[in-house]
Amino acid sequence: MNKIIIDAHSHLWQWQDTVVDGLPVRTLENGRSLFMGEERQMLPPFMIDGRNTAEIFLSNMDYAQVSAAVVTQEFIDGFQNDYLARVVKKYPERFFVCGMCEFRKSGFYEQAIELANRGFKAIKIPAQRLITQHGRISLVSEEMMQMFRMMASQGLILSIDLADGDAQTGEMEEIISEYPDLKVAVGHFGMVTRPGWLSQIRLARHPNVRIESGGITWLFNDEFYPFSGAVRAIRQAADEVGMDKLMWGSDYPRTITAITYRMSYDFILKTSELSEEEKMLFLGENARSFYGFGALPELPYIKNMSE
């Protein structure tokens with residue numbers, strides 16, 4: 001395989017120990033977690049201690065010939081800023097990491113300043129979790145806009161997952177209009193299986209906005225491999241905004257409880273619905289230019305014992 005593969009949406013954590021919407025998320029054993037009131041298989045069962053580390057991910061990346069990965073964050077995993085700072089220092093050529101602030105209460109602007117001073121090049125907002133039964137935190141509040149202004153001036157990337165459909169796209173349009181130099185990556189492929197998903201995709205009509213497909217195999221889990229519906233959605237999104245605006249992401253490790261890591265992208269390699277140039281852009285080249293990855297390792301294919 002001569003394509004560069006870069007994962008634009010992944011997660012790492014040492015353990016899960018947090019509360020979201022008043023409900024606990026806790027690491028258990030054998031890859032399971034207590035997740036907001038029920039036990040869920042959060043990791044593959046062989047990850048028995050619940051630690052989702054960079055070293056385990058690198059082993060998966062090397063096996064699947066994935067050269068580099070963007071590590072994002074989510075409230076359900078707890079704050080991993082300290083761990084990710086160590087990860088990117090140890091493996092700078094393999095990982096691009098996002099910091100995360102406590103956006104559910106005021107005071108996060110100072111946290112964002114601290115993350116920038118620590119060397120983080122991106123900040124993640126799990127914006128879908130800012131809309132709850134108890135109310136809504138605005139993406140265009142005074143403190144949010146202050147943070148976006150700082151990020152644009154310092155060249156920090158905004159990584160953001162949005163609520164279904166157009167629930168937050170109006171606010172995003174306002175942010176993008178106010179700060180056209182702010183680079184934005186919208187996750188989960190616009191929540192593609194939900195009504196109104198193209199409203200999120202169309203944000204990428206703006207020059208500095210990209211869409212990444214983290215979680216697309218989860219969203220199309222009912223149809224399963226080879227995810228023909230996901231391929232059609234990628235084709236539709238490319239027709240809307242151009243393939244140069246789209247990036248592959250796996251949502252590792254949660255998605256590999258159902259499929260292998262390599263399966264999370266090789267359905268793209270095998271489809272006839274996309275050209276070879278489109279596959280090259282989607283699987284790696286767009287992410288390489290957007291996130292500014294430098295020299296990447298060459299990863300040889302290692303035959304399986306079953307071959």
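**Labels and their grounds**

Q: What covers the buried residues of helix 8?
A: The cover includes helix 6 (198-201), helix 7 (216-219), strand 15 (246-247), helix 9 (263-270) and helix 10 (276-291), where helices are DSSP runs of H or I with at least four residues and strands are runs of E with at least two, numbered from the N terminus. This is a predicted model, in which local features need pLDDT of at least 70, side-chain atom pairs count only at pLDDT 80 or more, and totals for chains, interfaces and linings use all residues. Residues are numbered from 1 along each chain as its sequence is written, and side-chain values use heavy atoms, without hydrogens and water.

Q: Why is the pair aspartate 62 and arginine 94 called a salt bridge?
A: The term requires a side-chain nitrogen of Lys or Arg within 4 Å of a carboxyl oxygen of Asp or Glu. The closest N and O atoms of aspartate 62 and arginine 94 are 2.9 Å apart, so the pair qualifies. Aspartate 62 lies in helix 1 (residues 54-64) and arginine 94 in the loop between helix 2 (81-90) and strand 7 (95-97), so the pair ties together parts that are 32 residues apart in sequence.

Q: What makes lysine 279 buried or exposed?
A: Buried means under 20% relative accessible area, exposed over 50%, and partly exposed in between (1.4 Å probe, protein chains only). Lysine 279 has 2% relative accessibility, so the residue counts as buried. Its salt-bridge partner glutamate 276 (3.3 Å, N to O) has 48% and therefore counts as partly exposed.

How values were computed. Contact = heavy atoms within 4.5 Å.
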